[in-house]
Number of protein chains: 2
Amino acid sequence: MPKINGELLLADLRRIADFGRYQTGVHRPHLSPQDVESRHWLAGRMKEAGLEPVIDGVGTVLGKSAKSGPRILIGSHSDTQPRGGWLDGVMGVIYGLEVARALGEDPETAHLAVDVASWADEEGHWGQMTGSRSFVGMLSDADIDKARHRDEGTPMRDALKAAGLDKAPRVHFEEGRYRGYLEAHIEQGGLLEAGDKRIGIVTAIVGIYQFRLTFSGIQNHAGTTPMPIRKDAGAAMMKLYNEVMETFPGLAGPRSVWTVGKMSIEPGAPAIIPGKAEMVLQFRDADVAVLDRFQAALLEIVARHNKNGPCEVECLNLSRTMPTVMDGRFLDAIEESAVAHADGEHVRMPSGAGHDAQVIGLKMPAAMIFVPSIGGISHHFTENTEDADIVLGCQVFADAAAKILKGN
Amino acid sequence: MPKINGELLLADLRRIADFGRYQTGVHRPHLSPQDVESRHWLAGRMKEAGLEPVIDGVGTVLGKSAKSGPRILIGSHSDTQPRGGWLDGVMGVIYGLEVARALGEDPETAHLAVDVASWADEEGHWGQMTGSRSFVGMLSDADIDKARHRDEGTPMRDALKAAGLDKAPRVHFEEGRYRGYLEAHIEQGGLLEAGDKRIGIVTAIVGIYQFRLTFSGIQNHAGTTPMPIRKDAGAAMMKLYNEVMETFPGLAGPRSVWTVGKMSIEPGAPAIIPGKAEMVLQFRDADVAVLDRFQAALLEIVARHNKNGPCEVECLNLSRTMPTVMDGRFLDAIEESAVAHADGEHVRMPSGAGHDAQVIGLKMPAAMIFVPSIGGISHHFTENTEDADIVLGCQVFADAAAKILKGN
């Protein structure tokens with residue numbers, strides 16, 4: 001079995017964290033100058049590892065192996081959240097690089113081919129998993145024409161031009177090239193840490209249903225409008241929210257989650273009754289039946305509000321991503337490797353967060369591995385993982401890749 | 001009894017609406033260029049009416065009568081809400097001007113003295129009822145030094161300098177000068193219209209208690225943080241809000257109102273559990289016992305949340321203005337005048353909105369009169385009142401002023 005070089009792995013991770021360093025984390029949104037620089041550095045490292053790298057028309061870096069043996073694709077993303085962590089998700093990209101190097105150095109595995117990808121824009125500054133969706137054919141040129149930066153509203157085409165990528169072709173999935181896809185990521189939660197585990201074997205990526213609820217009332221003076229005739233959109237929103245919070249636990253699976261992370265009322269002055277209110281509700285589960293139960297309950301609550309008043313509620317589905325089940329044989333391969341290197345410190349678990357693997361997994365068998373997040377923290381510059389866990393995770397990952405490529 | 005000139009009254013109201021005209025309303029925030037211009041115009045009209053006007057060190061326009069007879073002070077405010085109505089509250093200022101003119105022209109009332117004020121900043125762009133509070137001695141020079149524009153954050157001192165008022169002295173209440181204070185205003189609600197009434201005789205101005213509730217939880221990933229360990233500040237806020245909405249009706253008086261007009265959650269992204277949430281709750285009643293019951297209930301709910309968790313709630317009192325009861329003899333004088341001009345079309349009612357009369361009323365007997373707001377609309381450029389109601393209200397107001405000054 002191949003032996004990974006832990007020091008080299010950590011050194012590469014620390015080097016790429018220089019691009020956009022922010023306190024103990026990294027600020028490297030997709031197509032920012034520091035992101036583009038890091039992609040060129042990454043392409044250089046791929047080349048040194050014997051791969052043939054390209055940076056494609058949306059910013060994905062794909063390093064292809066020229067070897068003729070069985071092939072696997074390993075990837076994750078090197079863009080980050082604003083002021084995010086140093087490992088989410090570039091750790092999975094550097095794992096891929098190190099696996100390619102380690103397999104290449106071991107005579108037993110030197111013939112096996114590893115392609116490595118850093119998918120563009122996983123963090124969704126311009127769309128949603130732009131790079132992996134482009135790769136599998138879910139992103140049209142028209143989609144790119146329309147894409148705007150989520151905060152700044154600037155066209156993605158302008159950013160691609162500034163990055164020198166406006167003429168670059170896009171890389172696409174080639175039927176039959178790969179045995180499958182592997183991705184490693186930090187857990188972004190506290191379950192591994194809480195359970196004293198070091199390796200998470202991801203069984204499924206949860207589906208996410210997301211709805212925008214808009215409440216229309218009548219804006220009025222908070223002093224002169226009697227309670228019985230009010231149509232307070234804020235009050236209606238908070239009432240509906242509480243009904244959701246009271247109803248969902250009875251319909252939930254053991255790991256279901258539901259969240260209102262965004263809400264606002266208008267005009268937002270203490271002495272004015274809100275005439276409009278809006279919130280975004282999302283729920284996640286690995287079981288589509290649970291998601292559908294939640295959706296039915298939500299629509300029933302909305303209908304009741306619209307029947308009883310006093311405010312009108314509009315419920316708009318923003319997105320529905322289905323749960324993605326990981327490949328069973330790949331999971332077994334990861335588990336065998338985990339037993340070999342960290343027996344008893346591994347656990348099968350679903351991923352509550354979305355990952356490129358759910359997109360690539362539409363085209364080929366896919367699996368994921370998690371390493372622990374200290375304190376469960378992610379999407380924050382204090383995000384971290386113990387060095388020893390980073391190295392262990394990569395070793396398990398490399399063994400699993402070799403096993404899968406060798407076909408056992 | 002004096003006879004007011006309805007045409008002149010309406011012409012003056014239409015003329016001053018030119019300063020900052022916005023669609024069918026007016027945008028004239030205190031100390032904006034259009035506000036300062038309108039104050040100079042107003043001072044000119046006061047002079048033409050035989051008064052001696054000054055624009056003082058916070059922007060209040062005070063036109064004093066040189067007559068030696070019994071004196072009354074009539075005022076309201078000529079600054080407006082952003083994109084507000086054309087009558088709120090300049091109607092009361094022009095009423096004062098017309099009453100001064102009408103009393104001066106009638107030989108029976110020509111000896112009676114009417115001072116007219118347009119109080120600075122009633123709409124609170126720089127503070128809270130800045131002009132009337134300055135007049136009664138509730139505003140220090142240090143308060144003005146600290147005052148900043150509520151939206152733009154610019155110092156009030158800079159705006160006063162730009163208006164040429166930085167050297168102007170402030171006008172102050174003179175003990176013994178007045179028999180009392182009268183103010184006229186649009187109702188800003190729909191009770192008069194709904195009851196087919198044309199004159200509201202204000203019995204009291206409600207007190208307002210205002211609290212900021214801040215919820216501290218833990219910001220985390222909405223996909224990877226299990227429900228049982230979440231500390232969701234937004235969920236805590238909405239739960240507490242609903243408890244308030246369920247508890248307050250049982251404690252309320254017949255005209256109590258309570259409102260959350262402002263709320264926010266942080267960081268405000270659909271996939272992030274809010275770590276912080278904040279809302280402003282205010283409640284109003286003419287009876288302080290009701291206000292105190294509401295406050296006690298609120299504090300009990302907050303204490304229960306802090307005991308049970310999972311989020312910490314901080315409850316900060318932002319302001320407590322006490323109900324102001326209007327002068328009984330003044331109310332009788334207004335009612336007699338209303339009976340004479342519009343018998344059966346008048347009603348005694350509290351004011352749910354705050355007015356300068358609650359500040360000036362701390363120093364002398366005070367009373368207020370309301371005219372109907374079409375559709376109950378205010379703080380919006382579509383605010384309006386029938387011309388006939390504007391004229392009727394001023395006639396009743398003038399009669400009442402004469403009655404009060406004559407001492408019956």
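**Close-up views of a two-chain predicted model**

**View 1. Strands S9 and S13 of chain B, side by side.** Strand S9 (residues 207-216) of chain B and strand S13 (residues 276-285) of chain B run antiparallel and are joined by ten bridges. Strands here are DSSP runs (E, at least two residues), as are helices (H or I, at least four residues), numbered from the N terminus; two strands pair if DSSP finds at least two bridges between them. Look for Gly207(B), which stands opposite Asp285(B) in S13(B). This is a predicted model, in which local features need pLDDT of at least 70 and side-chain atom pairs count only at pLDDT 80 or more, while totals for chains, interfaces and linings use all residues. Residues are numbered from 1 along each chain as its sequence is written, chains are lettered from A and ligands numbered from 1 in the order in which they are written, and side-chain values use heavy atoms, with hydrogens and water left out.

**View 2. The open four-strand sheet of chain A.** The strand order is S11-S13-S9-S14 (chain A), with antiparallel pairing. S11 and strand S14 (312-321) of chain A stand at the edges with a single partner strand each, so one side of each lacks a neighbour in the sheet. Neighbouring strands are turned by 15 degrees against each other on average, direction ignored (axes are lines fitted to C-alpha atoms, for helices over the stretch in contact, and angles run from 0 to 180 degrees between N-to-C directions). Nine bridges link S11(A) and S13(A) in the antiparallel sense, and Ile265(A) has Ala277(A) in S13(A) as its bridge partner. H8(A) packs on the sheet, touching strand S9 (207-216), S11, S13 and S14 of chain A; contact means heavy atoms within 4.5 Å.

**View 3. A hairpin in chain A.** Strand S3 (residues 52-55) and strand S4 (residues 61-64) of chain A pair in the antiparallel sense over four bridges. Glu52(A) faces Lys64(A) in S4(A) across the pair. Five residues lie between the two strands, and Gly59(A) in the turn has a positive phi of about 110 degrees.

**View 4. Where chain A meets chain B.** Here 47 residues of chain A are in contact with 47 residues of chain B. The area buried between the chains is about 3600 Å², with carbon and sulfur atoms giving 62% (buried area is the accessible area, 1.4 Å probe, that two parts lose on being put together, summed over both). Among the elements giving two or more residues to the chain A side are helix H8 (233-247) and strand S11 (257-266) of chain A.
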